[in-house]
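Here is a protein model to look at together. Keep the picture open while you read, and try to find each residue as it comes up.

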Amino acid sequence: MEANVVVEGGSSNSWLALVDSIVKIRSKVAEFPGKMKKVAEDDPRRIVHSFKVGLAITLVSLFYYFDHLYVGFGSSAMWAVLTVIVVIEFSVGATLGKGLNRGLATFLAGTLGFGAHHLANLPGRELQPILLGIFVFILAATVSFIRFFPRMKVRYDYGLLIFMLTFCLISVSGYRDEEVLEMAQKRVSTILIGGFTAIFVCIFICPVWAGEDLHNLAANNLEKLASFLEGFGDEYFRKSSEPESNKASLQAYKSILNSKQSEESLVNFARWEPPHGPFRFRHPWKQYLKIGSLTRQCAYRIEALNGCLNSDVQASPETCRNFREAFIKASSETGKAVKGLASAMRTMTLPTGDCPQTAKSKNAADNLKSLLRTGLCEGIDIVEILEVATVASLLLDILACTEKISESIHELASLAHFKRLEPDEKDGNPDLDKQKQVWQSSNSIASNHHHHIITIE
């Protein structure tokens, strides 16, 4: 009787586990369309890229569907399909990089493989495998060592792998197959056809340029920094009794902290791309790495500044009244300066030489330092003084980073020949009009501080 109870209990548990797993599978299946929709909404170009991949594979698969094409290439036609699948990427630069690497490596490796096979045949059949083994060993060891060079690793690693693979396939398989020249010719031809098909579809059908994505990424990162700096002052001095403000929107800068890998990939892809749009031949893509590095340095300091918002030690209302204006002015003016740089970056126009917001933020920082030296800090708790000094120090560091970012953007504008702001262009472009208003209002304020009227009788 007890045994039956145990069996019934075990079977019921197994049924419950089965039902639970079925429910989980159904929930995942129900969530899948929503995930697909989200991926498509994040970047609609992904849908177009999927259709492009399907089109390219369909085109090269015609070698199997038509007899007169299949007779010319035979089973080697499958290499064209495999090449399209491996080569085609999301951006034009990535596809060109892989396609040129694969095509050139296949051609060189096929030539060398046929040459190695011919040289190994000269001494006779007995020494042929020994010579082929020596050739394969020398080339494989040499190519593997070359892959350790950083420059070769970044740009030509895929080509070196294909070079080594193709050479070994042709030279080794040629020992058993006497038609090595015909085999190498077919393989090289089909790989070149597949590579050119992928490149043609990627360039001429809704192209996605890695250089354009890199440029927009740099401008977006600057705007994220500016958004935090402009809202930091009000958020820092927000009273606990006040409702929650836009604190969540200030966290957009966190994506900059992990942007190094994507920037390096986009720079590598952009180097393969031909001139397109405003990006000319030999565009200074390396300069974007410098701008990205400085932007991340500024983002790390902002991360430390963001920690002050969540600090358990908060200044008293009296201390806030003493430093509120200086803090808000320093952060907001620095944010406006960074936003002006982002606008100039996005529109590819020469930024103004002297940024008035930077000068005003420097004045605010100087005022803040003078406040710390004066008697306003007397009677204030030492912990509050340390908190205020920390925020002031971070703002000064962010200001220094902003100046370096401005210098690097000016250098990029000089190397890439950014256009100057013309009156007609300013009136017709909303972004430029906004930038113009910011600079003009700042200049008028700055001029009032530095110019005095002297009356001589």
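Is Lys 290 buried or exposed, or does it count as something in between? Lys 290 counts as partly exposed, because its relative accessibility is 41%. Here, buried means under 20% relative accessible area, exposed means over 50%, and partly exposed is in between (1.4 Å probe, protein chains only).

## Before you dig in

This is a predicted model, so local features need pLDDT of at least 70 and side-chain atom pairs count only at pLDDT 80 or more, while totals for chains, interfaces and linings use all residues. Residues are numbered from 1 along each chain as its sequence is written, and side-chain values use heavy atoms, with hydrogens and water left out.

## The whole chain

Start with the big picture: the protein chain has 18 helices and zero strands. Helices (H or I, at least four residues) and strands (E, at least two) are DSSP runs, numbered from the N terminus. Of the chain's 457 residues, 40% count as buried.

The chain exposes about 26,000 Å², and carbon and sulfur atoms supply 62% of that. Accessible areas come from the Shrake-Rupley method with a 1.4 Å probe; for residues, only the protein chains shown count as cover. Now take the contacts (heavy atoms within 4.5 Å). Among those between residues at least 6 apart in sequence, 80% join residues at least 24 apart.

## Salt bridges

Back to Lys 290. Lys 290 forms a salt bridge with Glu 411, and their closest N and O atoms are 3.2 Å apart. The pair links distant parts of the chain: Lys 290 sits in helix 13 and Glu 411 in helix 16 (residues 382-416), 121 residues apart. Glu 411 is partly exposed too, at 34% relative accessible area. A salt bridge is a side-chain nitrogen of Lys or Arg within 4 Å of a carboxyl oxygen of Asp or Glu, and the whole structure has 12 of them.

Another one joins Glu 303 to Lys 254, with 3.1 Å between the closest N and O atoms. Glu 303 is in helix 13 (residues 286-309) and Lys 254 is in the loop between helix 11 (210-236) and helix 12 (260-270), so this pair ties together parts that are 49 residues apart in sequence. Then there's Lys 153 with Asp 157, whose side chains meet at 3.5 Å, N to O. Lys 153 is partly exposed at 42% relative accessibility, whereas Asp 157 is buried at 15%.

Helix 2 has 16 residues, and at 1.5 Å a residue they should span 22 Å; the end C-alpha atoms are 23 Å apart, which agrees. (The expected span is 1.5 Å times one less than the number of residues.) Its buried residues are His 49, Lys 52, Ala 56 and Val 60. They cover an arc of only 60° around the axis, which puts them on the same side of helix 2. That arc is taken from the directions from the helix axis to the C-beta atoms.

Leu 55 is also in helix 2, but it is partly exposed, at 36% relative accessibility. Leu 55 belongs to a nonpolar surface patch of about 940 Å², whose other members include Tyr 64, Phe 66 and Met 78. Patches are made of residues with over 30% relative accessible area and no salt bridge: like charges are joined within 9 Å, nonpolar side chains (Val, Leu, Ile, Met, Phe, Trp, Tyr) within 5 Å. Helix 2 (45-60), helix 3 (62-65) and helix 5 (78-87) each supply at least two residues, and helix 5 gives the largest share, with four.

## Helix 7, two sides

Which residues of helix 7 are buried? They are Gln 128, Leu 132, Val 136, Leu 139 and Val 143. Seen down the axis of helix 7, these fall within an arc of 75°, so they line one face of the helix. What covers them includes helix 6 (92-121) and helix 9 (157-173). On the other side of helix 7, Phe 137 and Phe 145 are exposed.

## A spot in helix 10

Finally, find Ile 199 in helix 10 (residues 180-204). Ile 199 is buried, at 12% relative accessible area. Leaving out residues up to four places away in sequence, Ile 199 touches Thr 95, Leu 96 and Gly 99. The C-alpha atoms of Ile 199 and Ile 88 are separated by 7.2 Å, although the two residues are 111 apart along the chain.
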